2 protein chains.
Amino acid sequence: MSDVHVTSTGASVAMKGGGYYSERTRGAKDVIDKASGMLLEAVAAIPEPRDGDPVRIADFGAADGGTSKETIRNTIAAIRSRFPDRQISITYTDLPSNDYSVLFKNMLGLTDDLENNYLSEFDGVFVNACGIGFHSQLLPDASLDLGFSATAMHYVSEKPCEIENHVHMVGAKGVTLDAFTRRAADDWNNILLARAKELRPGGRLVFMNFGKDEEGRYLGNTGGVNMFDTFDLHWRAMAADGLISDQEYLNASFPQFYRTKEEFSAPLLDQAGEVHGAGLRLISARTGVVECPYRAAFLNSNGVMSSREFAVSYVPTLRSWSETVFATALDKSRPAAERARLVDQFYQRYENMVAKDPDGHAMDYVHCYIAIEKTSR
Amino acid sequence: MSDVHVTSTGASVAMKGGGYYSERTRGAKDVIDKASGMLLEAVAAIPEPRDGDPVRIADFGAADGGTSKETIRNTIAAIRSRFPDRQISITYTDLPSNDYSVLFKNMLGLTDDLENNYLSEFDGVFVNACGIGFHSQLLPDASLDLGFSATAMHYVSEKPCEIENHVHMVGAKGVTLDAFTRRAADDWNNILLARAKELRPGGRLVFMNFGKDEEGRYLGNTGGVNMFDTFDLHWRAMAADGLISDQEYLNASFPQFYRTKEEFSAPLLDQAGEVHGAGLRLISARTGVVECPYRAAFLNSNGVMSSREFAVSYVPTLRSWSETVFATALDKSRPAAERARLVDQFYQRYENMVAKDPDGHAMDYVHCYIAIEKTSR
C-alpha cells in the first residue's frame with residue numbers, strides 16, 4: 001500500500017548504472033534511514049519476551065516488502081544482538097489485493113533484490129503475511145513487540161465522498177474537507193486501538209506517515225509548483241476540453257488524508273480518550289522533509305539533463321501511484337483502450353508542462369515520524 | 001498446492017443447480033469429513049495454552065483455503081467451545097507462487113464462497129499466511145497447537161530425475177524409483193522434523209495425504225483403468241506419432257510420490273530415529289478410498305448422461321492439476337500457441353478414449369489419514 005516505491009524500483013536501477021541513477025534513490029533511503037534510528041531505539045526499549053516466546057515484529061502496509069527490507073534486516077540484527085537466543089517472527093500486512101507472491105519471493109531471495117536477505121543471514125527468523133487492512137486488529141492480543149509502518153497510513157479506510165473542486169483533500173473545502181477530516185480521525189483512532197490490543201505492555205510502534213508539516217508543506221508541495229494542484233489543473237482542463245465528463249472529473253478523488261503532527265498526536269495526548277485509556281503513549285513526533293531524488297538528479301546534472309529529460313524521468317514516478325485514481329474515475333462504458341488513451345493524455349499534459357518550464361517541479365517527501373509505547377499498566 | 005480443488009470449484013457449481021451437480025462434490029467432501037473427526041479428536045487432546053497465548057493452528061499446503069474452509073471453521077468452533085476465552089490464530093502455508101490474494105479475499109468473504117466465513121462468525125480469530133514450502137520450519141519453536149494438511153504432501157521438494165519410462169513414480173522402476181523413494185523419505189523426514197520444532201508439547205498433527213493403500217490402490221487406480229498409465233499411454237503415443245520429441249516425452253514427470261501407510265509411519269515408529277527423538281509419536285494411520293464424484297454422477301444418471309458427456313465432465317478435473325506437468329515438458333522453443341495446441345490434443349485423446357468406452361474410468365481418491373502427537377518430554 002506504500003505509494004512511493006523508489007527504493008525497490010530504484011535499487012535495481014542504481015545497480016545498473018550507479019552515480020546518476022543513485023541520485024534518484026537517495027531521497028527514499030533518507031526517509032528510511034531516519035526510521036532506522038527510531039527502530040533501533042525501540043529495540044533497546046522493549047522488554048524481553050516471556051521464556052520461549054519469539055520477538056514479534058510487524059510491518060503494516062508493507063507492499064512487496066522491498067522498501068523496508070534493509071530497515072527490517074537492521075532491526076533483526078539489533079534484536080538478535082540484544083536477545084541472542086530469541087527467535088524472531090515478522091508479519092507483513094497489506095490489503096488483500098497486494099501481491100504476496102512477490103513479497104515471499106523477495107524474502108526468499110528469489111527476485112533480483114539480493115541485498116539484505118535476512119532469512120538466509122539469520123537463523124530462527126520466520127515470516128508471514130496478513131492480507132487484511134490495518135484499520136482492524138490483525139494479530140492476537142498482546143502478541144506484538146514492535147510495529148513498523150512506512151508511508152501507508154495516509155490511505156483512508158474508505159472515501160467519505162468525492163471531492164467536488166479538487167482531486168485531493170489538500171484542496172478540499174467545507175463539508176467535504178470536514179468529512180475527510182472526520183474519516184481520517186476515526187481511522188487513526190481505529191489504527192491505534194487495534195495496535196494497542198496487539199502490542200504487549202512495553203511494546204513499541206514506529207510509524208513514518210505522509211503528513212502536513214508546521215509550514216503547511218506536504219508531498220509535492222514544498223514551495224515550488226504544487227503537485228496535487230497540477231494534477232487537478234490538468235484533469236480539470238481535460239473536462240473543460242470535453243475529453244472527460246464532469247462526472248469523471250468529480251470521480252477522481254484520492255482516498256488519502258495528510259494529517260498534521262497535532263492530528264497524529266491528539267488521541268495519544270487526550271488523557272480522557274480511548275487510545276490513551278488503551279495504554280498508548282506518545283514517545284516522540286516530528287516532521288521531516290526529504291528532497292525529491294528526481295529533482296536533485298536534474299539539478300546535479302549541471303545542465304546535462306534537458307528539461308524534457310527531467311520531465312520524462314519525473315512524471316512516471318508520480319504516475320506509478322496516482323494512475324489508478326484517474327483510470328478508475330473514467331466511465332466504465334468507455335472501451336478500455338479509450339480509457340488508457342485518456343490517462344496517457346493526462347500525464348502527457350503534465351510532462352509537457354514540466355518540460356516547458358521545469359522550475360519548482362519536485363515531489364519532495366513530507367513525513368511525520370512518530371514513536372509510541374504501550375504502557376505496562 | 002492441493003491438487004484436487006473439487007470443493008472450491010464444485011461448491012459454486014452446486015449452488016447453481018443442486019442435485020446432479022452436488023454429486024460431483026460429494027467425494028471431496030467425504031475426504032474432508034473424515035479429517036474433520038480427526039481434527040475434533042485433536043482439539044479434545046491438546047493441552048490448554050499458557051495464560052495469554054492464543055490457540056495456534058496451521059493448514060500446510062492450503063492453496064486458496066477454499067477446500068479446508070468448512071473443516072477449519074468446525075475446528076475453530078470446537079476450540080472455542082473447549083477454551084471459550086482463547087483467541088485463535090491460523091496460519092495458511094503454501095509455495096511462494098500461490099495466490100494469497102484469493103486466500104485472503106476468501107477468508108474476508110469477498111469471493112463467491114460465502115459459507116463458513118469464520119472471521120465474521122467468531123471474534124478473536126486471526127489469520128496469516130506463510131509462502132514458504134512446508135519442507136522447512138515455518139513457525140517459531142513450540143508455537144503451534146494443531147497442524148493440518150490435506151492432499152499436499154505428495155509433492156516432493158524437487159524431482160530427483162526425470163522418469164524415463166512413465167510420467168509418474170507409480171510407473172517408475174529401478175534406480176529412478178529408488179531416487180524418488182529416497183527423496184520422498186528425506187522429504188517426509190524433513191516435514192516431520194520441521195513440525196516437531198513448531199509444535200509445542202502435547203500439540204497434534206492431522207494429515208490426509210495421497211498415498212498407496214494395502215491393495216496397491218492410489219489416485220485414479222482402484223481397479224478400473226489406471227489414470228496415470230492412461231496419461232503415459234497418450235503422452236507416449238504423441239511421441240510415437242511425431243507430435244512431441246523423445247526429450248519432451250521424458251520431461252513429463254510428476255514431482256510427486258505416493259507413500260504407503262508403512263512409509264508414512266516408519267520415522268514415527270523408529271525409536272532410534274531423529275523424528276522419534278524429536279518427540280513425534282504416531283496416534284493413528286489408516287488408508288481410505290473415496291469414490292470419484294464424476295464417475296458417481298455418471299452412474300447415478302441412469303443413462304441420461306452420454307459417454308461423451310461423462311468424458312467432457314471428467315477429463316477437465318484431471319487436467320486442472322496435471323496440465324502444468326505436460327505444458328512445461330514441451331520445448332520452450334515452440335511458440336506458446338503451439339504448446340497450448342499440443343496440450344489440448346493430449347487431453348482430447350484422453351477424452352476421446354473415455355467417450356468411446358467409459359468403463360473403468362474414475363479418479364477415486366486414495367488417502368492415508370495420519371494423526372501425530374508431540375510428546376511432553
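Buried area is the accessible area (1.4 Å probe) that two parts lose on being put together, summed over both. The model is predicted: local features need pLDDT of at least 70, side-chain atom pairs count only at pLDDT 80 or more, and totals for chains, interfaces and linings use all residues. Residues are numbered from 1 along each chain as its sequence is written, and side-chain values use heavy atoms, with hydrogens and water left out.

**Exercise 1.** Describe the interface of chain B and chain A.

*Step 1, extent.* Between them the two chains bury about 2,300 Å², and 58% of this lies on carbon and sulfur atoms. Counting contact as heavy atoms within 4.5 Å, 31 residues of chain B touch 31 residues of chain A.

*Step 2, salt bridges.* The rule (a side-chain nitrogen of Lys or Arg within 4 Å of a carboxyl oxygen of Asp or Glu) finds 2 salt bridges across the interface. One of them joins Asp53(A) to Arg50(B), with the closest N and O atoms 2.9 Å apart.

*Step 3, elements.* On the side of chain B that touches chain A, α4 (100-107) and β3 (125-130) each supply at least two residues. Helices (H or I, at least four residues) and strands (E, at least two) are DSSP runs, numbered from the N terminus. The largest share of that side, 5 residues, comes from β3(B).

*Step 4, classes.* That side of chain B has 15 nonpolar, 10 polar and 6 charged residues. Ala, Val, Leu, Ile, Met, Phe, Trp, Tyr, Cys and Pro count as nonpolar, Asp, Glu, Lys and Arg as charged, and the others, Gly among them, as polar.

**Exercise 2.** Describe how α7(B) packs on α12(B).

*Step 1, geometry.* Axes are lines fitted to C-alpha atoms over the stretch in contact, and angles run from 0 to 180 degrees between N-to-C directions. Helix α7 (residues 227-240) of chain B and α12(B) pack at about 35 degrees, their axes 13 Å apart.

*Step 2, residues.* Met227(B), Phe228(B), Phe231(B) and Trp235(B) of α7(B) meet residues of α12(B) including Trp321(B) and Phe326(B).

Methods
Chains are lettered from A and ligands numbered from 1 in the order in which they are written.
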